[in-house]
Amino acid sequence: MKNDEYDIAIVGGGLVGAAIGWGIASSRPRVAILDEGDVALRASRGNFALVWVQGKGAGNPRYGMWTLRSAETWEAFAESLQRQTGIDVHYRQPGGFHLALSHAELDRRVAHLSQIQAQPGMPTIHHEVLDQAALANLLPQVGPEVAGGTYSKHDGHCNSLRLLRALHAGFQLHGGTYRADHRVESIVHAQGEFRLSTNHGEVRAGSIVLAAGLDNARLAPMVGMSVPVHPVRGQLIATEKTGRFLDYPVSTVRQTEEGTVLIGDSQEDAGFDTRSTSDVLAAMADRAQRMFPRLARLNVVRSWAALRVMPRDGSAIYEASAGCPGAFAAATHSGVTLAPNHALVLAPHIARGERTADAFQAFSARRFDVPQAA
Amino acid sequence: MFRRLRDDAERVSISVDGRRVDAAAGESVAAALLAEGIERTHASEVRGEPRGPYCAIGACFDCLVTIDGVGNRRACMVEVAPGMSVETQGSKRELTR
C-alpha cells in the first residue's frame, strides 16, 4: 500500500470532519483527513461553542430529535475525549437562557418555541418561560431592561477550540492520518475508488466523506450529490478575563472557564466576506450590556467574524451518493452541538459503508427538490 | 532594582495600595512603580503567577493595575497625575472595578 491510499478519506478538518474522522478511526484506522491550509474559511474557529437545544427543530422535527440526542450524549463524549487525549473540553450543562429585552421580544420567543413544540413528531424539549422576577432569582446579574427569558435544562456550552484540538489529537491517537494544506481541487470516481487531486498530489480512497463546510457545495456535484449550503456571517466579541459572574450560558453571552466573556450570535448575509463591522459589533455590545449592565466596564480584547455553514432550512444535510457509491457528505452549522452524533452515530454508519440509511433520510438534500408553491 | 536616569523632574504625589509615593512628573505609572521597587503589579488570570512591567510599550499586558477604581489598566500606558490612586491587583479583574 502506498502512503497516499486510504480506506476512507475525509475532506475537511473542522469540527464536522474531525468528529467523523475520530469516530471512523476508532474502528478503521486507515483513514485520512485532508485539510485546507491556514486560509480556510474555518467556521470551527468562529463559533460560539454552545451545545444548544432550545429553538432547534423548526420545520424539521427530526432535527430537533437529532439535536436532543446529541446533547444527551455530550457529557459521556467529553469524558471519553478527556480519557483518551487528556484534553478537558470544558463541557458544562447547567441549562441555558435566552433573554428578551422587551415584552414583545419575549412574546415572539415564546410563540416560536410553542410552534416548534407543536409540530408532529417533535420530541419534548424542556423549556420554562421566566418573567422578570423569576429570572432575577436565577440570574441576579440581569439588568432592569430584561423583560424575561426562556430556560432549557438541555442547554450547555464548551470550549470549541479545545474540542477541535481534542478531536484532532484523538483521531491521530486512533491511528488516523492528518494532512494539512491539502485543498481538494477535484474528485474522480473510477473503478470503485476515488481519486482526489490536491495541491500536494493525488490521494486515493475507497470511500470519501465531504465535510468541507461551505466548500461542500463545490465538491458534492463531482460525486453525484447536491449539498446546497450558503454562508451566514456571525460576529464575535471577546472581553478581557474577569472573575466568574455568569454561571449559565445565555444564547448571546457566555463566560468561558478561564473568565473571558464572549458576545455573539449575530446573523447576516454577507456573502463570503469574513470582515467584522463596527455597526454590528456595537449593536451586539449594546444588547449585551443591557442584559448585564456590569459588562459595560470590561475592555474588549478581540472581535472577529466567521461564516456559518447553513443549509436552506437551517438544519443539517447528510447525504450518501447514489451515483458514486462510497461517497458521503455532511454539512451543518451545529458542529459543536452535534459532535457526539457525528462521532458516535454517523461515523460508524459510514465506516460500515452503508449507503442507504433510513435514519438519515430526513437529512437528505433531496428534501429541497420540491417545487415552490405558487 | 530600577533607578531613574535623571531625577530632577518635579514630584507628583500618587497613592499605591494606600501608601503615598512621590513619582516624577511625566513618567508612566509603571516607571513610578519600578522606581519604588514594586515589581509585581498583578497575577496572571489563569494560573495566578506574579506579573509585572515587561515590555513597557503597551503590548504585553503584564503590568495591569487598578487606577482610580478602574481595573486592568496598563501601567506603562498611563502617565502619573497628582492624587492618582493605584492599586496592584490580584488575579482576574473583578467586574465591579
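Predicted model: local features only at pLDDT ≥ 70, side-chain atom pairs only at ≥ 80, totals over all residues.
Strands β13 and β14 of chain A pair in the antiparallel sense, joined by 3 bridges. Look at residue A:Q255. Its bridge partner in β14(A) is A:V261. The two strands form a hairpin with 4 residues between them. Within that hairpin, A:G259 takes a positive phi near 115 degrees.

Now follow β14(A) to its other partner. Strand β12 of chain A covers residues 229-241, and β14 of chain A covers residues 260-263. These two pair over 3 bridges, again in the antiparallel sense. One of the bridges can be found at A:K241, whose partner in β14(A) is A:T260.

Step back to the domains of chain A. The domain assignment gives domain 1 as 5-47 + 161-228 + 313-368, domain 2 as 96-153 and domain 3 as 229-311. The centres of domain 1 and domain 3 of chain A, taken over C-alpha atoms, are 29 Å apart. Their contact takes 18 residues from domain 1 of chain A and 13 residues from domain 3 of chain A. Which elements of domain 1 of chain A each supply at least two residues of the side that touches domain 3 of chain A? They are α6 (216-219), β16 (316-320) and β17 (327-332) of chain A. By class, that side of domain 1 of chain A has 9 nonpolar, 7 polar and 2 charged residues.

Another sheet of chain A comes next. It is an open sheet of 3 strands, in the order β4-β6-β5, with antiparallel pairing. Its edge strands are β4 (96-100) and β5 (128-131) of chain A, and each pairs on one side only. Neighbouring strands here are turned by 25 degrees against each other on average, direction ignored. How many bridges join β4(A) to β6 of chain A? There are 5, and the two strands run antiparallel. Strand β6 of chain A spans residues 148-152. In β6(A), A:S152 is the bridge partner of A:G96.

Helix packing is the next topic. Two packed helices are described by the angle between their axes and the distance between the axes. Take helix α1 of chain A, residues 15-25, and α5(A). They pack at an angle of about 30 degrees, with their axes 9 Å apart. Angles under 35 degrees count as roughly parallel, and α1(A) and α5(A) are therefore roughly parallel to each other. Their crossing is left-handed. From α1(A), the contact is made by A:L15, A:A18, A:A19, A:G21, A:W22 and A:A25. From α5(A) come A:L163, A:L164, A:L167, A:H168, A:G170 and A:F171. The contact of α1(A) with α5(A) has 9 nonpolar, 3 polar and no charged residues.

Helix α5 of chain A, residues 160-173, also packs with helix α2 of chain A, residues 61-85. Here the angle is about 60 degrees, and the axes are 10 Å apart. Helices α2(A) and α5(A) are therefore oblique to each other. The crossing of α2(A) and α5(A) is left-handed. On the α2(A) side, A:L81, A:Q84 and A:T85 make the contact. On the α5(A) side, the residues are A:A166, A:A169, A:G170 and A:L173. By class, the contact of α2(A) with α5(A) has 4 nonpolar, 3 polar and no charged residues.

Last comes the contact between the chains. It takes 7 residues from chain B and 10 residues from chain A. The side of chain B that touches chain A has 2 nonpolar, 1 polar and 4 charged residues.

Technical notes: Residues numbered from 1 in each chain as written. Chains lettered and ligands numbered in written order. Pairing = 2+ DSSP bridges. Contact = placed C-beta atoms within 7 Å. Nonpolar A, V, L, I, M, F, W, Y, C, P; charged D, E, K, R; others polar. Axes fitted to C-alpha atoms, helices over the stretch in contact; angles between N-to-C directions. Parallel < 35°, antiparallel > 145°, perpendicular 65-115°, else oblique. Left-handed = near helix turned anticlockwise from the far one by under 90°. Domains from an automatic or database assignment.
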